[in-house]
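Morning, everyone. I'll take one structure today and walk through it piece by piece. Please have the viewer open.

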Amino acid sequence: MKRFNVTGLCLPEEDYMVDISDKIAEIKKLIDDRSYFTINRARQYGKTTTLAMLRRALKEEYLVISISFEGIGNEAFMTSAAFCRAFLKLICSSLEYTNVSDEYRNSWLNENVEGFIDLSNHITAMCRPNTLVNDKEIILMIDEVDKASNNEVFLHFLGLLRDKFMARKQSMDFTFHSVILTGVYDIKNIKLKMISEGSYTPAETEDKLYNSPWNIATDFRVDMSFSALEITTMLVEYEGDHHTGMDVAAIAKEIYSYTSGYPFLVSRICKCIDEELDRDWTLHGFQTAVNIIIHENNTLFDDVYKNLENNEKLYDLIYDILMVGGKRTYAVGNPTIDTAKIYGIIKEANQSIAISNRVFELIICNHFIAKDEEVSKRRITGILQRDVVQGSRFDMELCLRKFAEHYAQIYNELDAEFLEREGRLIFISFLKPLINGQGFYHIESQFTDFRRMDIVVDFAREQFIIELKLWRGEAEHEKAYEQLAGYMDSKGVSKGYLLTFDFRKNVNKQPYVKWVEHDGKKIFDVVV
C-alpha cells in the first residue's frame, strides 16, 4: 500500500507523488544541451527525489553516475590525493547498480591517480568515445554538495571540471557530457561564502567576486514547487485507491494556498490527514491538519528558526515584513535577501518581498511571539479565555473589546514609536493563546498597501477576517471599509473586523469601538 512520504527519497512504486514529468523534461533539455548546472533549493525541497526521477528518465540514453557527498567524511577533503581516491570509489560504487560490466566499473579505480592532474587525465581517458559503454555519454550527478562547500580541495575539483568543460568546447578534451550538483547553496557563490566564513583566503591578485570555479554553470530556472494542478495528480491517484469522496480540486487548491507548493509541506499535510485524522479530506480536516503541523517540531522548521537566530540581519528583515508590515523591495544581489531566498523563507511578489508560504508565516510568527512571551504574558494578565471561547464558538467582538481595553492600559507604559513597530505583535500575542488548540490564524500582508495587514482566523468551522491598519486620516479609514468589504466578498463572509492603530499625539487615547454597515456588510470598527 502506498503512503505519503516526508522522510527522504520518494518512489512512485511506494509513495504517493506529484507528477513531476514536466519538470524532468525541462531538466533533460539542459542535459541534452551539455549544460553544467546546480539545483540549489531549500531544505526538503525534493532535490534528491528529483535526481532519482531524472536518473530513470536518462538511463536509456546516457550512462548516469550518481554519487552523494553525504557522509563522505572530512578526511576525504584533507588532501587532493584523498579526495581523488574517494571520488573514484564513489563512482565505482555508483556503477555497481548499472548494467555496465565489472571490468568497466573497476577501470574507474586507478591507483596512479594521486592528484587533480592525474584525475583530469583519467576522466579524459574514461570519457573518450572509444571507451564509452554502448556509445552512451556520461552524466555526473553529485548530491549534497553543501557537505563539501567549506573545503578548498572542493574548489580545486570544481576548477578541474570548469577547465575540462572549457577545453571540450574547443575540441581539446573529453569529459562528462553534463554535470549536475545539488545543494542548498548556489555553488557559483561558494567562494564568497567561504571567504566570509574564514575558511578560504584568496590570493592578492585573485578576483574575489568573479573568479568562481563554477562560472560556467547554466542558471537553473526550473520551478520545483508544486502547482495546485500538480498536487491534484497526487490526490487523484490517492482517491482512486481509497474512495474518500474528497473534492480533489478544492483540497489541492487549499493545500497550495497554504504551502505555495513547498514539497515537504504538501506531503506533510496529506500524510497528517491520511494517517492522523482518519482520512478527513474535508476543509475542516485540512484546517485541523495545518493546526497540528504548525505546532510540531520537524527538521524543516528547526532549520528556519536556526537560520533566523543565526543571522541578525535576516531576523530583522523577516520581522519587519511579517510583524511590522514593512514593504521591502525584492532586490537580487542584496546579501540578506539572497540568503532568505536560499533558505526558502521568502519569495518575490509584485517586486516586493513576501514570506514564501502561509505555513512559514504561521510558524515564524509563533516564533517571534514565543521570544516575546514573558512580555506578552504581562500584557494580557486577567484575560479570561472562557469569556471569549464558549464551547466551539469564538466571540471575536468580545476579543477585540478586551484587546482595546488592555491596549489602553499599556499605552501609558510604552512610547508611540515602540507601539507603532510592535502593535501587531501585541495583538497577535493577545489573540494566539485564546484560539490555541481549537483554531489558528494566518497573515495575509497586502503588498500594494504596506500599511494594512489581514489576519484570517479559523476557529472550529467559523472564519473571521480582521484587517489591521495604521491611522492615516478619515479618508483612508473610509477606504479601509471598502478594502475590507471587498476581501470579505472574496471569502464569502458577511461580518468583518477592522482594528486600527492610531499613533497621533495629543488625541484621546480611549478606545473607539462600534459596528458599522458598509455595502451590505457588517464591520466591527475598533480604533486604539
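Which side chain meets Glu-13 in a salt bridge? Arg-56 does, with 2.5 Å from N to O. One reminder before going on: this is a predicted model. The pair links distant parts of the chain. Glu-13 sits in the segment before α1. Arg-56 belongs to helix α2, residues 47–58. A search of the whole structure turns up 23 salt bridges. As background, side chains of opposite charge can pair when their charged atoms come close.

Now the helices just mentioned. Two packed helices are described by the angle between their axes and the distance between the axes. For α1 and α2, the axes come within 10 Å and cross at roughly 65°. The two helices are therefore roughly perpendicular to each other. The crossing of α1 past α2 is right-handed.

Who makes the contact? From α1, we have Ile-24, Ile-27, Lys-28 and Ile-31. From α2, we have Thr-50, Met-53, Leu-54, Ala-57 and Leu-58. Sorted by class, this contact has seven nonpolar residues, one polar and one charged.

On to the sheet. Strands of a sheet pair through backbone hydrogen bonds, either parallel or antiparallel. Here, four strands form an open sheet, and the pairing is parallel. Read across, the order is β1-β4-β3-β2. The edge strands are β1, residues 36–40, and β2, residues 63–68. Each of these edge strands pairs on one side only. From one strand to the next, the twist averages 15°.

Look inside the sheet. Strand β3 covers residues 138–143, and strand β4 covers 178–183. They pair in the parallel sense over four bridges. Met-141 stands opposite Ile-180 in β4.

What packs on this sheet? Helix α1, residues 21–32, does, touching β1, β3 and β4. The direction of α1 makes about 150° with that of β1. Helix α3, residues 80–95, packs on the sheet too, touching β2 and β3. The direction of α3 makes about 125° with that of β2. So much for the sheet.

Last stop, further along the chain. Helix α9 spans residues 248–259, and helix α11 spans 283–293. How do they pack? The angle is about 25°, and the axes are 10 Å apart. That makes α9 roughly parallel to α11, because angles under 35 degrees count as such. As α9 passes α11, the crossing is right-handed.

The contact again. Ile-251, Glu-254, Ile-255 and Tyr-258 come from α9. Leu-283, Phe-286 and Val-290 come from α11. By class, the contact has six nonpolar residues, no polar and one charged.

That's the tour. Questions, please.

Technical notes:
Residues numbered from 1 in each chain as written. Predicted model: local features only at pLDDT ≥ 70, side-chain atom pairs only at ≥ 80, totals over all residues. Heavy atoms only, no water. Axes fitted to C-alpha atoms, helices over the stretch in contact; angles between N-to-C directions. Parallel < 35°, antiparallel > 145°, perpendicular 65-115°, else oblique. Left-handed = near helix turned anticlockwise from the far one by under 90°. Contact = heavy atoms within 4.5 Å. Nonpolar A, V, L, I, M, F, W, Y, C, P; charged D, E, K, R; others polar. Pairing = 2+ DSSP bridges. Salt bridge = Lys/Arg side-chain N within 4 Å of Asp/Glu carboxyl O.
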